[in-house]
Amino acid sequence: SADCSLFSKVAGQDKDDGRILQRSKRGWMWNQFFLLEEYTGNDNQYVGKLHSNMDRGDGNVKYILTGDGVGSLFLIDENSGDIHATKRLDREERAIYTLHAKVVDKRTNETLEPDTEFNIKIHDINDNEPKFFKEIYFASVPEMSDVGTSVIQVTATDADDQTYGNSAKLVYSILQGQPYFSVDSDNGTIRTALPNMDRETKENYQVVIQAKDMAGQMGGLSGTTTVSITLSDENDSPPRFANHTFRLTTLESAEVGAVIGRIKANDADMGRNAEMHYSIVDREGQDMFTIITDQNTQEGLIRVKKPLDFERKRTYSFKVEVTNTYLDPRFIYSPNPPFKDDAMVRITVADVDEPPVFSRNPYIIEVHEDTAAGSLVGVVSAKDPDADNNPVKYSIDRHTDLERLFNIDSVNGTITTLKALDREMSKWHNISVVATEISNPRQTTRVPVFIRVLDVNDNAPEFAMYYETFVCENVKSGQLIQTISAVDTDEPLVGHKFVFSISSSNPNFTIVDNEDNTARILTRRGGFSRREMNTYLLPVVISDNDYPIQSSTSTLTVNVCACDSRGNMQSCNTEALLSAGLSTGALVAILLCVIILLMIVVLFAALRRQQRKKEPLIISKEDVRDNVVSYNDEGGGEEDTQAFDIGTLRNPEVMEANKLRRDIIPEMLFPFRRTSPIKDNADVRDFIHGRLHENDTDPTAPPYDSLATYAYEGSGSLAESLSSLESGATEGDQEYDYLSNWGPPFKKLADMYIEKDIERET
């Protein structure tokens, strides 16, 4: 706490305009108060006293305090100027408070001392312990690190005032983790303290670090944290075989590439440092086997490199060496043993019952196409590779010889033909021969046999294509009209050489061989005429040069055509000669006549159709009863009330009697329906029976499942029944005027009958 005195004194006099001015000078004897934090007393904590030299002690002076915390944290005695703190203050929450004080006269409320600012500063005490940012730290350091290798730095903070005393001065020490690690007392850096720490011996360490304030002196507060340190792996351990001899057994039928066994070396390192590479050292093992590393298990997988044969060799022994894939140069030349190890592998081959083995695979055999049925094609051979050497039998897989062209001797494997072969049909025949052990039919082997059919000159050459040859009527002698060529399905070794010839006595044409398997057809004369002969058939003989020589005669058809002066064909038909005299105008006239005739026929057909449409619906008066008039007007059924008003077909009296009011709910859900009286009319009954008898005896009547309906139409209509069954003897007593009142749907019927009545009356 502190006291403050305010005083005023005369500092000097100035003159201005004849007046004497007085200047007051304020002298301050303070600028701040100091207060300890965390006060534990029961009374209010005394801060200090404000005093003004204007206070005469007569009680007329009043002290007023404003600013931070006034009224809640700080109180002032307005008479004496004493300031008290009402609560415990924490410097870590707020270290300084700014307040304002002034002095006034109680009687006049006149300001005796103007508003003056001062501070209350909270003095720190050591009431906060150091705290680390984390409760647990995680760190790693390579194994085998040198002493003093930095691991991690941990720091703590103290909320106390670092500028006042030693309350926030921290010192770090290690409580747990010695003698492996040490800590820097000033900055909290953890370092290794022992050399050659081996991860394979101990991997994880728990280190407890303490931070203590008051520079580590007695009575200081402290905080701790735990550091979990892991030694990271280094490739400092070589791979080692637990067993230096491995014995494996495999069947001789093991396929090439199959895994027949696994061997395993151990490496105390982990991850990449534990990856290993296996290799076969001995030449014997390298020829027959290979070894690779399983990347998941780091095992050595031994595989078959070449086929095994129990009868040839039954055991194999070789050395396998293992090394690390990735080596650390720091440990290669260490005093430890070399970074590799070896082991001996012994493989025993077990015997299996093997299928027969052919001497070759596949077989390629050649045979001429003119070979007769039953001729020898070739021989296949197979034997049992086992020690027993069981006999085998041969057969042909008929799925590969559907035409049954070949046969094989089941004992000696001789293949013969069953039919003559034609190279032009098929140049190759691919069959499968099966060899089966007689003592064990399940042991079979098949081999492909490719039979090539060799060519024999058994086909004559012929034209390479169909030629459409013509000769102009105005052609001259020696003019070229066609170049021909030939083909031969045979394939001689020296290539084709064809010879073309025609009869030398042919007066019309001659042939010239071009010596390149083509020939030219030339005219021997000029003046050809279609009127004399429009087509010439020219036989051409084509021969090859193979043995035996084959030849054929092909006929070349030469048409005589009309050509222009440049030799371009215009017409080759003889019918054109008949129309040669007609001019273009005549042809156009004929075409116009044909078009006019067609138009007349179409117009006549249209008139006939129009007349047919205007015929009356009922041709004869006698047929009124049995005729059905079609209106082609289809309604929507009983539920359709939009197409037409069905009420027009009902008796008005019946409609009035059955009309329901729509403004009230009807008493009955279903209104009473008046049933039509059915009269026992003998005429109707006799009519129906008569018609039924006619339909039963008529051979031209519709099929048995046709329905002929003759119904009584009731009395609910003004028209009574429209049927003629109850009509009078004559039609004169029938009136059809009411039909015109039935609306548009019956207009056509009304017009038909009313018009007929008018005509009858007339």
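The largest nonpolar core has 25 residues, and those touching the most other members are I263, Y278, F289, I302, V345 and I347. Such a core is a set of buried Ala, Val, Leu, Ile, Met, Phe, Trp, Tyr and Cys residues joined through side-chain atoms within 4.5 Å; buried means under 20% relative accessible area, with a 1.4 Å probe and protein chains only. At least two residues of this core come from each of β20 (245-251), β21 (259-266), β22 (276-280), β23 (289-293), β24 (299-304), β25 (315-324) and β26 (340-350). Strands here are DSSP E runs of at least two residues, numbered from the N terminus. Apart from this core lies another one, of 24 residues, including A486, F509, Y536 and C563.

The model is a predicted one: local features need pLDDT of at least 70 and side-chain atom pairs count only at pLDDT 80 or more, while totals for chains, interfaces and linings use all residues. Residues are numbered from 1 along each chain as its sequence is written, and side-chain values use heavy atoms, with hydrogens and water left out.

Back to I347: not counting residues up to four places away in sequence, I347 touches L248, T250, I260, F289, I302, R314, T315, Y316 and F318, contact being heavy atoms within 4.5 Å.

Then there is E234, sitting in the loop between β18 (222-232) and β19 (240-241). E234 counts as buried because its relative accessibility is 17%. Neighbours within four places aside, E234 is in contact with P142, E143, D269, N273, D328, R330 and F331.

Further along, strand β31 (residues 392-396) has V392, Y394 and I396 on a covered face, with K393 and S395 on an uncovered one.

Technical notes
Buried means under 20% relative accessible area, exposed over 50%, partly exposed in between (1.4 Å probe, protein chains only). Helices (H or I, at least four residues) and strands (E, at least two) are DSSP runs, numbered from the N terminus.
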